[in-house]
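Thanks for coming, everyone. I have one structure to walk through today. Please have a look at it before I start.

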Amino acid sequence: MDFSGKVALVTGAANGIGAGLARRLAAAGASVVVADVDDAGGEAVADEVGGVFVHCDVRDPRDSEAAVALAVERFGGLDVAVLNAGIATGFTFDDFDVERYRTVMGINLDGVVYGVHAALPALRARGGGRIVATASMAGLMAMPMDPLYGANKAAVVGLVRGLGPVLAADGITVNAVCPSFADTNIVTGVKDALEAAGMPIMGVDDVVDAFVSVLRSGQPGECWFVQAGRPSAPFTFPNPPGPRTATGERVRFTRDPLTTSDVPEES
Ligand SMILES: NC(=O)c1ccc[n+]([C@@H]2O[C@H](COP(=O)([O-])OP(=O)(O)OC[C@H]3O[C@@H](n4cnc5c(N)ncnc54)[C@H](O)[C@@H]3O)[C@@H](O)[C@H]2O)c1
């Protein structure tokens with residue numbers, strides 16, 4: 001993808017990975033809508049990149065719709081939606097709190113669902129585009145440190161994989177980026193412990209590099225891991241059990257039995 005002249009919406013773009021990506025996309029010629037609940041940080045990033053800030057709490061579907069509407073109004077359309085806003089959970093089942101649970105699910109999962117729903121009409125109006133959701137390595141592997149975070153990030157991975165072939169029919173490529181630990185506010189409270197345990201912590205630029213690769217060459221439904229010391233690539237979900245016939249052969253649908261659209265071969 002050539003970013004020149006493209007319009008990108010990035011949620012959670014006031015800080016960390018989203019801010020880094022907003023800077024990179026703008027430097028490559030894109031117009032960027034910076035969406036966040038951090039008004040001061042978001043305004044600063046928008047000013048810096050020549051974009052526009054919108055206060056957007058991704059838990060509220062109307063805020064995502066307003067952010068997309070702003071992209072259309074200011075820049076004439078939308079080509080890229082990066083649904084990146086997210087928080088760590090900060091509690092487990094030992095100190096469970098329903099309100100905090102709804103908050104983290106509302107941001108990390110509902111925020112992506114509402115963002116996809118809001119972006120689709122504008123992307124379809126352009127004849128296609130790209131959606132990238134920020135999941136996490138916690139969506140690909142067990143996360144005993146924060147199982148609820150693992151649950152909502154795994155849900156984002158499942159959403160993206162299922163949506164991949166559906167949206168491809170409209171020329172929209174949807175992907176997830178699944179970073180390991182990166183040096184942002186989200187890891188501040190655990191950074192020393194992670195480093196003491198020998199866990200590498202990536203720079204924001206390393207994660208932004210992966211986003212750029214995904215935006216350029218991600219195929220529908222792919223979920224790319226991002227880890228220190230190895231190139232980012234699609235995770236292949238090896239050997240899922242999948243449906244079998246009574247005699248044990250793998251059932252492979254080439255057509256979706258409900259929608260009759262093509263189903264890509266699993267890797
Ligand atoms: N940093 C890591 O180690 C790491 C690893 C894997 C995945 N991630 C994911 O990367 C994404 C970006 O996080 P980051 O590491 O840059 O952290 P960050 O805290 O620097 O940035 C997150 C941004 O999301 C915004 N935000 C929070 N709640 C919001 C809401 N309700 N609506 C809109 N915006 C909201 C924050 O204001 C902030 O600007 C998150 O989805 C996070 O889960 C981060």
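First, the ground rules. This is a predicted model: local features need pLDDT of at least 70, side-chain atom pairs count only at pLDDT 80 or more, and totals for chains, interfaces and linings use all residues. Residue numbers start from 1 along each chain as its sequence is written.

Helices (H or I, at least four residues) and strands (E, at least two) are DSSP runs, numbered from the N terminus. Two strands pair if DSSP finds at least two bridges between them. In general, strands of a sheet pair through backbone hydrogen bonds, either parallel or antiparallel.

Let's start with the sheet. What is the order of the eight strands? They form an open sheet, E3-E2-E1-E4-E5-E6-E7-E8, with mixed pairing. Strand E3 (52–55) and strand E8 (233–234) are at the edges. Each has a single partner strand, so one side of each has no neighbour in the sheet.

Next, strand E1. E1 covers residues 7–11 and pairs with strand E2, residues 31–36, in the parallel sense over five bridges. Within that pair, Ala8 stands opposite Val32, and Thr11 has Ala35 as its bridge partner. The chain gets from E1 to E2 through H1, in a right-handed β-α-β crossover. Right-handed has a set sense here: with the strands pointing away from the viewer, the path from the first strand over the helix to the second runs clockwise.

E1 also joins E4, in parallel, through three bridges.

Is E1 buried or exposed? Five of its five residues are buried, so E1 is largely enclosed by the rest of the structure. Val7, Leu9 and Thr11 point one way, Ala8 and Val10 the other. The cut-offs: a residue is buried if 20 or more other C-beta atoms lie within 10 Å of its own, exposed if 12 or fewer, and partly exposed in between, with C-beta atoms placed from the backbone.

E2 and E3 run parallel and are joined by four bridges. Val33 faces Val52 in that pair. E2, helix H2 (residues 39–49) and E3 make a right-handed β-α-β unit.

Now to strand E5. E5 pairs with E4 in the parallel sense over four bridges, and Val80 has Arg130 as its bridge partner. E5 also runs parallel to E6, with six bridges joining them. There, Val132 stands opposite Asn175.

How many residues of E5 are buried? Six of its six. Gly129, Ile131 and Ala133 lie on one side, with Arg130, Val132 and Thr134 on the other.

Helix H4 (residues 98–125) lies across E1, strand E4 (80–83), strand E5 (129–134) and strand E6 (172–179). H4 runs at about 175° to E4. Helix H5 (residues 147–168) lies across E5, E6 and strand E7 (223–226), at about 160° to E6. Axes are lines fitted to C-alpha atoms, for helices over the stretch in contact, and angles run from 0 to 180 degrees between N-to-C directions. Contact between two residues means C-beta atoms, placed from the backbone, within 7 Å.

Both helices sit in crossovers. E4, H4 and E5 make a right-handed β-α-β unit. E5, H5 and E6 make a right-handed one too.

On to the ligand. Of the 28 residues around the ligand, Gly12, Gly16, Ala85, Gly86 and Thr184 come nearest. A residue is near a molecule if its C-beta atom, placed from the backbone, lies within 6 Å of it. Helix H1 (residues 16–27) gives the most to this shell, with three residues.

Last, two single residues. Lys153 is in helix H5. Lys153 is buried, with 26 other C-beta atoms within 10 Å. Leaving aside neighbours within four places in sequence, its contacts are Asn108, Ala135, Ser136, Ala138 and Gly139. Lys153 and Ser136 are 17 residues apart along the chain, and their C-alpha atoms are separated by 6.0 Å.

Then there is Gly76, in the loop between helix H3 (61–75) and E4. Gly76 is exposed, with 11 other C-beta atoms within 10 Å. Its C-alpha atom is separated by 17 Å from that of Ala46, 30 residues apart along the chain.
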